[in-house]
Amino acid sequence: MTQDHLLGLKPALGWNSWNTFTWDINEQLIRDVADRFVSEGYKDAGYTYIVIDDCWSLKERDSDGNLVPDPEKFPSGMRALADYIHDKGLKFGMYSCVGTHTCAGYPGSFEHEFQDAKQLAEWHVDFLKYDYCFKPRQISGELLYKRMSLALKNCGRDILFSACNWGEDNVYQWIRESGAHMYRSTGDIQDSWESIKNLALSQLDKACYTGSFCHNDMDMLVVGMYGGSNNNFIGHKIGGCTDNEYKTHFSLWSMMGSPLMIGCDIRDANQVTKDILLNQELLKINQDYEGRGAYRIKPEPQWFHTGDVFMLVKVLSDGDLAIGFFNLSDSQREISLQFWDLGLPYASGFSLELFDCWAHKNLGKFTERFNPVVPEHDCLIVRAKVVK
Ligand code: GLA
C-alpha cells in the first residue's frame, strides 16, 4: 500500500543520531532535537526526518521474536516518541540491518523482515535505515534489500526505505529496482577534510546513478561537529574541520543530490553551522523537482590542475543551472568555466546572470566565460540564469 505516491521523490532532509551520539541515545535527546527542529528553523527549511540509528534495542528479541526498545533509553516506548515527533509536524525514522545483527551487535532483521516491518508500522515509523553488517555470505544483499522493501511496501504504512550497504557489491546497478528510496554509496564518513574529499571524489562519475525516488546517499553530514563525537572506537576523539570545509562539504552533498541528514548536535550548533545547514539557495538546488545528478566539467588542462579541482553543474527544472566551482586542493586556484561546456556557445547571443549562493548576492552578467579564484578547500556556488 502506498498513499503517498511522492515518498522519496526528493532527497530526504533530516537528522540522524549516529555521527555524534552513536550508542549514547535516549528519548529525551530525540525529543530535544524535534523541539530544536521547530524552534531553530530546521523544519521550516524543509528538514523532516528525525532518525534513531543503531543501539536503540535490547540485545535479544522477546519470546515472540519481536524487537524490544531498550527500556532505559526509551522508557515511554517508540509509539509515544513517534507521536511526539508527529505532533511537531515531523517524521520519525529508525534503524535495522539486513544481517543477523546490526553493526553494533544488536538484533538485525534477517529472517524477521515482515515481522519487523509490521512492528515499525505499529510504532508509526516513517523511515527505515537498513544496514549491511552480519549478512550471511551465501545470500545476496540484493535479495535481502528486495525482501525488506517488499515487507515495507506491504506493512500498512508509508515508510521511506534507506538502504545502507556502503556502496558494496556494485549497489548502484541494482538498488533502484529493489524499491529503496535512497542508498548509501560510500563507506562511513568521518569528521575530517580527508574523508569529505575522498567520499566526494569517489562519487563524481556516478551522476547517472542518482535521481528521483532513489537517491545516492553520500552519508550523513558532519557539518558543525568540530570533532565532537563519541564515535571514538579508536580510543580518542578524532577529526574536526574548518568552517570553510564544512561549507564545501554541504555544497558538494547539495549539488550532487545526496540526502542531507544532519549529524551534529543541533542543540549547541553555532551560527556558522546554522547558516550552512539552513542555506535556502543550496537547499533549493538539492531539492530541485527534477532531481538530476550534477555533471562534472574538468578545467582546461594545465600543469597545475589536479583531479581535485573541478566544476559541477546541475540542470534545474526552471531552466537555471546550479554551478559549483570546487577547489579541494591545498592551494588557491583560478577555475575557468567556458560557457560552451554548458551548451551555451558565444554565437547564441545569450549570457549568464550569476547569483552567489553563499554571499547571497548578484555577481552580474557574464558572456562566454567566468573565472573565479577559489581558495583551498573552498568553493563558489552560483545559480546561473540564461539571459539576453
Ligand atoms: C554502519 C553504518 C553507519 C551506522 C553504523 C551503526 O557503519 O554505515 O552509518 O549506521 O553502522 O552501527
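**Exercise 1.** Which residues does lysine 135 touch, not counting residues up to four places away in sequence?

*Solution.* The model is predicted. Begin with the location: lysine 135 belongs to the loop between strand 4 (127-131) and helix 6 (141-153). Next, list the partners. Leaving out residues up to four places away in sequence, lysine 135 touches Val98, Gly99, Ser140, Gly141 and Leu144.

**Exercise 2.** Determine why lysine 135 has no salt bridge.

*Solution.* First, find the nearest side chain of opposite charge: aspartate 169, at 5.4 Å. Second, apply the cut-off: a salt bridge requires a side-chain nitrogen of Lys or Arg within 4 Å of a carboxyl oxygen of Asp or Glu. Lysine 135 therefore has no salt bridge, although this residue is buried.

**Exercise 3.** Describe the composition of the fold and its surface.

*Solution.* Start with secondary structure: the protein contains 11 helices and 18 strands. Turn to contacts between residues at least 6 apart in sequence: 72% of them join residues at least 24 apart. Consider burial next: 57% of the 388 residues count as buried. The protein exposes about 15,800 Å², of which carbon and sulfur atoms supply 50%. Finally, examine charge: there are 38 positive and 53 negative side chains, and the centres of these two sets lie 4 Å apart.

Note on methods. Residues are numbered from 1 along each chain as its sequence is written. This is a predicted model: local features need pLDDT of at least 70, side-chain atom pairs count only at pLDDT 80 or more; totals for chains, interfaces and linings use all residues. Side-chain values use heavy atoms; hydrogens and water are left out. Helices (H or I, at least four residues) and strands (E, at least two) are DSSP runs, numbered from the N terminus. Buried means under 20% relative accessible area, exposed over 50%, partly exposed in between (1.4 Å probe, protein chains only). Contact means heavy atoms within 4.5 Å. Accessible areas come from the Shrake-Rupley method with a 1.4 Å probe; for residues, only the protein chains shown count as cover. Lys and Arg count as positive and Asp and Glu as negative; His and the chain ends are not counted. The place of a charge is taken as NZ of Lys, CZ of Arg, CG of Asp or CD of Glu.
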